[in-house]
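Student: I have just opened this structure and would like a guided tour. Could we go through it together, one question at a time?

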Amino acid sequence: MTRLNIYLILVALSMAIGTTVASITAPEKEESLLECAKYVGSYCGNEVLDTLSNKKSNVSTDCCYKIIQTGYSCHTKLTLFVLQNDSEFKHANVTNVLEKNDRIFDMCDKATEPESEMYLSKCVVKIGTECGEEVFDNLKHNKNNVTDCCCGRLVETGLPCHINMAKALIRTPEMRNVDAIEFLNKGKKLFDECLEDQE
């Protein structure tokens, strides 16, 4: 099974399993919190804070991808940490802030959500295992140019399929170090180049 298919399965499993809250010791909790902060980054962390404190109405699409990539558990841990340690939230209604935290996550989930798993599975069949791997390696690892044959398959698969497969990949935790918008733009550029080559 190729990496592309594995990522799609991971997406489906993460949707099916949901979030599990585990009991962890203090050092593990601290390390986990640091990992969460690292993956969200300061820019997106500040966007979430500004949204929680009503200085901003929404989180950008790029930061939405970061929030989804790091997961609900990380998103909530960071909010709880801020509630306990940021003087700006000293007198905040904890319930209201946590409700807003959930709304931000839900809004980001909807904003970054690809088409259904059934649609995605049809896309995976269209692109095929070998070409799917080739396109993925090109986009994620900058490996080799996509062959003419796979460029043709990509064009036949269609831009909506290509973009939705990229969206599904971006939402997996394994892709949290990838800039989502850059990845999508790179995918669109690759599709356009393949389309030009086919004409």
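Tutor: Gladly! One term to begin with: a contact means heavy atoms within 4.5 Å. Keep in mind too that this is a predicted model.

Student: With which side chains does the side chain of E88 make a polar contact?

Tutor: One partner is S53, whose side chain makes a polar contact with that of E88 at 3.4 Å. The other contact, at 3.2 Å, is with the side chain of K55.

Student: What share of the contacts with a separation of 6 or more comes from residues 24 or more positions apart?

Tutor: For some background, the chain has 199 residues, and 41% of them are buried. Among contacts with a separation of 6 or more, residues 24 or more positions apart account for 76%.

Student: How many residues apart are C36 and C74?

Tutor: The link of C36 and C74 is left-handed, with -70° about the S-S bond. This pair links distant parts of the chain, with C36 in helix 2 (residues 26-52) and C74 in helix 3 (residues 61-85), and the separation is 38 residues.

Student: Which parts of the chain does the disulfide of C44 and C63 tie together?

Tutor: The sulfur atoms of C44 and C63 are joined at 2.2 Å. C44 lies in helix 2 and C63 in helix 3, so the pair ties together parts 19 residues apart in sequence: helix 2 and helix 3.

Student: Is the disulfide of C151 and C194 left-handed or right-handed?

Tutor: The sulfur atoms of C151 and C194 are 1.9 Å apart, and both residues are buried. The torsion about their S-S bond is about -65°, so the disulfide is left-handed.

Student: Let us turn to helix 9. Within what arc do its buried residues fall?

Tutor: The buried residues of helix 9 are A180, F183, L184, G187, L190, F191 and C194. Seen down the axis, they line one face of the helix, because they fall within an arc of 120°.

Student: Why would residues spaced like that point the same way?

Tutor: Residues three or four places apart point the same way because of the turn of an α-helix, which has 3.6 residues.

Student: Which exposed residues are carried by the face of helix 9 turned away from its buried side?

Tutor: First, the buried side has its own cover, which includes helix 3, helix 6 (129-141), helix 7 and helix 8 (159-170). The face turned away from that buried side carries E182, K189 and E196.

Student: Last one: which residue caps the N-terminal end of helix 4?

Tutor: Helix 4 (residues 94-112) has 19 residues, which at 1.5 Å a residue should span 27 Å, and its end C-alpha atoms are 27 Å apart, in agreement. Its buried residues are V97, K100, N101, I104, F105, C108 and T112. They cover an arc of only 140° around the axis, which puts them on the same side of helix 4. At the N-terminal end, a side-chain oxygen lies 3.0 Å from the backbone nitrogen of T95, and the capping residue is N93.

Definitions and conventions. Residues numbered from 1 in each chain as written. Predicted model: local features only at pLDDT ≥ 70, side-chain atom pairs only at ≥ 80, totals over all residues. Heavy atoms only, no water. Disulfide = S-S within 2.5 Å. Helix = DSSP H or I, 4+ residues; strand = E, 2+ residues; numbered from the N terminus. Buried < 20%, exposed > 50% of the residue type's maximum accessible area, 1.4 Å probe, protein only. Arc of directions from axis to C-beta. Expected span 1.5 Å × (residues − 1). Polar contact = N/O pair within 3.5 Å; in protein donor to acceptor, adjacent residues only side chain to side chain.
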